[in-house]
Amino acid sequence: MIEIIGLACISILFVSSEPLIILKRYIGFKEEEYDNWGDKKRFIFRMMTCAMCSGFWIGLLTLSLYKAAIISILAELIYKKIR
């Protein structure tokens, strides 16, 4: 249980922490340039800025599909609560 909560929190940090936002901007994912990007870069950007998407992929890389879904939903609920 604590592992699922921890991975949901890591997902939220991946989406909203200032150091990672700076890193994303540094590697070329600047929000103000969104309209100039192709479809693939837009898709990757949306995956990197969505708590539910990031939670799913982080959970899937570390656990099972079932737990990845739980982490995804939990990350989104926590993210909406703190925003």
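**Helix packing and surface features of a predicted model**

The axes of helices H4 and H5 come within 7 Å of each other and cross at roughly 150 degrees, where axes are lines fitted to C-alpha atoms, for helices over the stretch in contact, and angles run from 0 to 180 degrees between N-to-C directions. Helices here are DSSP runs of H or I with at least four residues, numbered from the N terminus. H4 and H5 are therefore roughly antiparallel to each other, given that angles over 145 degrees count as roughly antiparallel, those under 35 as roughly parallel, 65 to 115 as roughly perpendicular, and the rest as oblique. The crossing of H4 and H5 is right-handed, a term used if the near helix is turned clockwise from the far one by less than a right angle, with anticlockwise being left-handed.

Residues are numbered from 1 along each chain as its sequence is written, and side-chain values use heavy atoms, with hydrogens and water left out.

Let me now bring in helix H1. The axes of H1, which covers residues 2-16, and H4, which covers residues 51-62, come within 9 Å and cross at roughly 130 degrees, which makes H1 oblique to H4. The crossing of H1 and H4 is right-handed. With H5, the axis of H1 comes within 8 Å and crosses at roughly 55 degrees, so H1 and H5 are oblique to each other, and H1 passes H5 in a right-handed crossing.

Turning to residues in H5, I will start with Ala68, which is found in that helix. Ala68 counts as buried at 0% relative accessibility, where buried means under 20% relative accessible area, exposed over 50%, and partly exposed in between, with a 1.4 Å probe and protein chains only. The C-alpha atoms of Ala68 and Ile58 are separated by 7.4 Å, although these residues are 10 apart along the chain. Ala69, also found in H5, is partly exposed with a relative accessible area of 35%, and its C-alpha atom is separated by 26 Å from that of Glu18, which is 51 residues away along the chain.

Next comes a charged pair. Lys80 forms a salt bridge with Glu76, the closest N and O atoms being 3.8 Å apart; the term stands for a side-chain nitrogen of Lys or Arg within 4 Å of a carboxyl oxygen of Asp or Glu. The count by this rule comes to one salt bridge. Because Lys80 and Glu76 are four residues apart in H5, which spans residues 65-82, they are separated by about one helical turn. Lys80 counts as exposed at 59% relative accessibility, whereas Glu76 is buried at 15%.

Finally, there is the surface. Leu23, Tyr26 and Ile27 make a nonpolar surface patch of about 390 Å². Such patches are made of residues with over 30% relative accessible area and no salt bridge, with nonpolar side chains (Val, Leu, Ile, Met, Phe, Trp, Tyr) joined within 5 Å and like charges within 9 Å. Tyr26 is found in helix H2, residues 18-26, and is exposed, with a relative accessible area of 73%.

Definitions and conventions: This is a predicted model: local features need pLDDT of at least 70, side-chain atom pairs count only at pLDDT 80 or more; totals for chains, interfaces and linings use all residues. Accessible areas come from the Shrake-Rupley method with a 1.4 Å probe; for residues, only the protein chains shown count as cover. Helices (H or I, at least four residues) and strands (E, at least two) are DSSP runs, numbered from the N terminus.
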